[in-house]
Amino acid sequence: MIPVALSIAGSDNSAGAGAQADLKTMSALGTYAVTAITCVVAEVPGKVSAIQPVEPRIVAEQIRLLFEAFPIAAVKTGMLHSREIIAVVADTLDELKIQNSKFKIPLVVDPVMVATSGDPLLRADAVALYGERLFPRATLVTPNLDEVRTLLGRDVASVEEMRRAGTELVARFDSSFLLKGGHLRGDTAIDVLFETDGGVHEFSAPFVPGVSTHGTGCTYAAAITAGLAKGLALRAAVAEAKEFVTRAIAQHLRWERPTGTTDALNHFARS
């Protein structure tokens with residue numbers, strides 16, 4: 001049977017990020033994708049104009065219903081936005097664990113805090129709850145360097161600083177972390193995976209300049225989730241996802257309009 005991957009994320013009407021990007025990514029990588037929508041975002045590349053959270057009880061009901069109907073093989077969380085939604089997602093996953101003593105489904109937590117445009121996507125009072133409720137139960141947490149700064153309270157501006165930060169995050173939360181170095185803006189986009197067993201692995205690809213896409217973090221985490229759903233080990237899932245997101249950026253889509261240019265990731269780019 002085709003493996004099923006669940007994305008718990010916000011809806012991006014431009015389909016470059018959020019649940020829509022997750023659906024495309026997971027489908028392109030050979031899984032059946034299902035979604036639990038946490039909020040509706042009015043967004044286009046470069047701008048977020050409105051966010052409407054979904055009632056927490058509806059978020060919980062979506063997750064419960066999907067687990068009843070599908071053999072969920074891996075779960076990804078994306079934009080959760082508020083303490084209430086983070087709490088209800090954690091509570092519902094805890095509830096499912098209680099109901100099934102063999103609950104060992106991989107969980108990838110993408111701590112979505114700020115959009116590529118710079119617009120905030122997470123309420124300030126919700127950051128600590130990620131660390132309390134979701135990070136400790138995650139198979140992998142996938143922060144970019146802006147999110148690492150929020151979590152640690154300091155800038156990370158080099159690969160060496162990424163190594164120190166990743167080691168600290170693993171020790172603090174007892175979960176594996178993938179620190180994404182695209183914001184370093186060098187010739188090479190370097191990401192570093194820190195596993196709970198002490199393993200440290202670098203993944204690199206040429207940095208693609210001049211592309212104003214959004215949703216790379218969502219796509220990357222969704223690709224890792226798809227790999228885990230297919231049974232790949234964590235390191236192999238990250239490697240497959242790195243290749244996928246690099247290809248989606250390099251073969252990006254572009255529309256020229258009188259008011260400007262719109263870029264988007266190409267989730268169905270061919271190697």
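The following legends describe close-up views of a predicted model. Local features require pLDDT of at least 70 and side-chain atom pairs count only at pLDDT 80 or more, while totals for chains, interfaces and linings use all residues. Residues are numbered from 1 along each chain as its sequence is written, and side-chain values use heavy atoms, with hydrogens and water left out.

**View 1. The open sheet of 9 strands.** The strands follow the order β3-β2-β1-β4-β5-β6-β7-β8-β9, with mixed pairing. Strands β3 (47-53) and β9 stand at the edges with a single partner strand each, so one side of each is left without a neighbour in the sheet. Helix α1 packs on this sheet and touches β1, β2 (32-44) and β4; the direction of α1 makes about 150° with that of β1. Helices (H or I, at least four residues) and strands (E, at least two) are DSSP runs, numbered from the N terminus. Two strands pair if DSSP finds at least two bridges between them, and contact means heavy atoms within 4.5 Å.

**View 2. Strand β4 and its parallel neighbours, β1 and β5.** Buried denotes under 20% relative accessible area, exposed over 50%, and partly exposed in between (1.4 Å probe, protein chains only). Strand β1 (residues 4-12) is joined to β4 by 5 bridges, and V4 has I72 of β4 as its bridge partner. Between β4 and strand β5 (residues 107-109) there are 3 bridges. Along that pairing, V75 is partnered with L107, and T77 stands opposite V109.

**View 3. Strand β8 and its antiparallel neighbours, β7 and β9.** Of the 7 residues of strand β8 (residues 188-194), 6 are buried, so the strand is largely enclosed by the rest of the structure. Strand β7 (residues 176-180) is linked to β8 by 4 bridges, with D191 of β8 as the bridge partner of K180. A further 7 bridges connect β8 to strand β9 (residues 200-206), where I190 stands opposite S204. Strands β8 and β9 form a hairpin with 5 residues between them; in the turn, G198 has a positive phi of about 95°.

**View 4. The packing of helices α1 and α7.** Two packed helices are described by the angle between their axes and the distance between the axes. Helix α1 (residues 18-28) and helix α7 (residues 216-229) pack at about 40°, with axes 9 Å apart. That angle makes α1 oblique to α7. The contact involves G18, A21, D22, T25 and M26 of α1, together with C218, T219, A222, A223, T225 and A226 of α7. The crossing is right-handed. Axes are lines fitted to C-alpha atoms, for helices over the stretch in contact, and angles run from 0 to 180 degrees between N-to-C directions. Angles under 35 degrees count as roughly parallel, over 145 as roughly antiparallel, 65 to 115 as roughly perpendicular and the rest as oblique. A crossing is right-handed if the near helix is turned clockwise from the far one by less than a right angle, and left-handed if anticlockwise.

**View 5. The cysteines C39 and C218.** The count of disulfides (pairs of cysteine sulfur atoms within 2.5 Å) is 0. The cysteine sulfur closest to that of C39 belongs to C218, at 11 Å, which is too far for a bond. C218 likewise takes part in no disulfide. C39 counts as buried at 0% relative accessibility, and C218 counts as buried at 13%.
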